[in-house]
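The stops below are given in the order in which they may be selected.

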Amino acid sequence: MLSTYQYPKFEYRRPPELAEGRAASEGRYPVVVVGAGPVGLAAAIDLAIHGVPVVLLDNDDTVSIGSRGVCYAKRALEIMDRLGCAEEMVRKGVSWNVGRTFFREQEVFNFNLCPEPDHHRPGMINLQQYYLEEYLVRRAQSLPNIDLRWKNNVIAVTDHGECVALRVETADGAYSIDTEWLVVADGARSPIRHMMGLDIEGKIFMDRFLIADVVMKADYPTERWFWFDPPFHPNQSVLLHRQADNVWRIDFQLGWNVDPEEEKKPENVIPRIKAMLGDDREFELEWVSVYTFQCRRMHEFRHGRLLFTGDAAHQVSPFGARGANSGIQDTDNLVWKLKLVLDGKAPAALLDTYSEERVAAADENLMNSTRSTDFITPKSATSRTFRNAVLGLAKDYPFARALVNSGRLSVPSFLVESRLNTPDSEVFAGHMVPGAPMDDAPIESAGGEQWLLQVAGNRFQLLYGMPDAGDVDAATATACAELAAGAIPVETLVVAERGQAPAGLRTLVDVKGRIRERYDLKPGTCYLIRPDQHVAARWRSFDLAKLRAALARATCNA
Amino acid sequence: MSLNTDPNFFTPGKRYFRAFSPGDDFYEALIDMHRELTDEQSAMVNARLILLLANHIGDIAVLREAMKIAREGA
């Protein structure tokens with residue numbers, strides 16, 4: 001098969017624990033991350049950005065084989081912006097917002113993932129997983145406090161209560177290390193989950209899908225096309241997606257009663273593709289795989305000093321791109337909490353809220369992907385009749401269009417049930433409730449034209465609305481300086497139409513009024529924002545005592 | 001009143017953040033209602049459901065409009 005991609009080979013180095021003349025034990029690390037896939041790499045980079053030295057162990061020495069996870073959603077890109085990797089992803093990837101759904105020969109429905117203007121990142125990009133991993137590895141290698149160890153295979157894990165002991169195997173022999181916290185990102189089969197005897201519960205779906213990545217020059221628009229029961233593949237579904245390098249992903253539903261080894265053979269794959277594209281279209285196969293999937297999650301994502309993330313903790317059907325995207329959001333939620341706990345500024349209970357918040361998000365992902373699966377692959381004659389009735393009505397009747405479910409694509413969860421939120425005591429319009437992931441907006445600041453989500457994150461922040469930034473009074477400016485100097489600092493961002501905030505406070509000019517609109521910002525309105533760009537609390541006026549109480553609540557210090 | 005064919009599903013008191021969620025809530029309940037039933041049982045359940053909903057709507061002009069559209073797709 002053709003290859004558009006040269007797989008890098010990362011160099012194994014003898015770990016310091018096995019260096020000659022070194023003691024058997026090298027003391028204790030604050031954090032070890034296991035698994036250098038997208039989620040483990042994101043965790044390690046995020047920790048390093050927060051100033052935490054981190055050891056990242058991986059049993060392999062290259063990136064993911066095959067294109068695998070292809071769709072990266074707006075929220076994942078916003079997180080990657082914070083980690084310093086989104087620009088490369090967007091440059092190389094294929095940005096898209098529009099999806100079209102066909103039933104037999106007719107288009108019945110289309111959607112736009114990002115119908116609002118003035119957001120930095122697109123609804124979705126398509127990018128082969130190996131590129132994402134390559135960029136993340138490069139970023140990780142550029143950070144001084146990441147010790148990235150290839151071909152280091154964890155063979156035993158013991159949680160001693162005050163630390164976790166790992167036994168790691170290499171070409172030079174095995175060694176032991178202790179760590180305060182272990183971030184487990186070793187994938188769906190998670191050897192560590194097995195070693196610890198922990199359960200993951202859910203169900204396998206009785207269906208098989210064929211993925212064919214083909215290289216071809218085609219002038220199809222950059223959109224997601226989904227067919228129910230097309231003439232070229234009757235009674236099943238088909239998905240077509242464009243990736244970088246003129247690689248196209250085609251996903252054929254096959255049903256349960258097929259032989260995956262037979263279906264993978266080029267002589268069986270090529271006729272399916274020719275039936276779809278027509279005999280004249282020239283293409284070459286790049287990668288073929290037959291997959292089944294499971295929908296399941298661990299009961300809790302924190303087990304003592306082990307923190308499970310990504311596929312190791314939860315798995316969903318691929319409809320909706322909720323796998324890698326939710327794994328990246330796991331680390332976004334986890335890392336700032338881990339940093340505060342490591343620094344002794346928050347109790348370990350804060351890490352329980354990682355589990356609570358991300359279990360709720362996983363349940364939302366499981367629910368949405370299961371619903372999509374049930375619509376795409378009906379399990380009974382009645383279910384199929386309803387599905388086809390919806391598709392038949394969808395062309396003419398808007399209500400039915402809204403019911404067409406070819407995958408509800410990854411969007412961040414609103415963490416409205418979180419105990420870290422301070423409930424509203426005043427009235428606000430819009431969606432930026434406590435627990436909401438922040439909406440983006442264009443701004444101007446000292447750094448020139450930027451986006452709100454480029455200046456938000458990595459620390460607690462206060463958005464303070466004031467039409468003329470110069471009108472922030474001296475008492476408030478003093479209180480903001482106190483917040484900035486606290487044990488858990490809060491940085492004030494004055495959101496203004498004009499003017500310059502008093503010395504020490506940053507001014508963001510809301511150039512298009514989108515922050516005012518999206519956050520229902522009025523003069524004096526305050527939003528307390530978490531380091532992962534979620535709303536923790538909001539008020540109509542500045543009150544230092546309330547802010548401090550909300551900060552304490554958001555860090556389990558209340 | 002004429003037949004409403006715009007998206008119209010909601011749950012009283014529940015706040016939705018995504019436009020697709022209320023319709024998906026309904027559709028899941030609809031498919032769940034049929035779980036473990038034979039095709040014959042499902043046909044009977046569907047008939048009972050239509051009768052209950054038709055009475056709730058009440059307005060026969062609206063019902064006739066819906067019946068007409070439904071029959072066009074037979």
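Predicted model: local features only at pLDDT ≥ 70, side-chain atom pairs only at ≥ 80, totals over all residues.

The tour visits the interface between the chains and then turns to the domains of chain A.

**Stop 1: the two chains together**

Select the residues in contact: chain B contributes 25 residues and chain A contributes 27 residues. The two chains bury about 2200 Å² between them, and carbon and sulfur atoms account for 61% of that area.

**Stop 2: charged and polar pairs between the chains**

How many salt bridges are counted between chain B and chain A? There are four. To view a salt bridge between side chains, select B:Asp24 and A:Arg408, where the N to O distance is 2.7 Å. Polar contact between chain B and chain A amounts to nine residue pairs, with both residues at pLDDT 80 or more.

**Stop 3: the face of chain B**

Next, select α1 (21-33), α2 (39-57) and α3 (60-72) of chain B; each of them supplies at least two residues of the side that touches chain A. Which element gives the most to this side of chain B? It is α1(B), with nine residues. Colouring this side of chain B by residue class shows 10 nonpolar, six polar and nine charged residues.

**Stop 4: the domains of chain A**

Now hide chain B and colour chain A by domain. The domain assignment gives domain 1 as 16-93 + 125-200 + 298-368, and domain 2 as 442-554. Taken over C-alpha atoms, the centres of domain 1 and domain 2 of chain A are 31 Å apart. Their contact draws 14 residues from domain 1 of chain A and 12 residues from domain 2 of chain A. The area buried between these two domains of chain A is about 1100 Å², with 51% of it from carbon and sulfur atoms.

**Stop 5: pairs across the domain interface**

Across the interface of domain 1 and domain 2 of chain A, one salt bridge is found. Select A:Glu357 and A:Arg530 to see their side chains meet in a salt bridge, at 2.8 Å from N to O. Six residue pairs are in polar contact across this domain interface of chain A, both residues being at pLDDT 80 or more.

**Stop 6: the face of domain 1**

Finish with α1 (38-49), α2 (74-83), α8 (324-342) and α9 (349-376) of chain A, the elements that give two or more residues to the side of domain 1 that touches domain 2. Of these, α8(A) gives the most, with five residues. By class, this side of domain 1 of chain A has four nonpolar, two polar and eight charged residues.

Note on methods:
Residues numbered from 1 in each chain as written. Chains lettered and ligands numbered in written order. Heavy atoms only, no water. Contact = heavy atoms within 4.5 Å. Buried area = accessible area lost by both parts, 1.4 Å probe. Polar contact = N/O pair within 3.5 Å; in protein donor to acceptor, adjacent residues only side chain to side chain. Helix = DSSP H or I, 4+ residues; strand = E, 2+ residues; numbered from the N terminus. Nonpolar A, V, L, I, M, F, W, Y, C, P; charged D, E, K, R; others polar. Domains from an automatic or database assignment.
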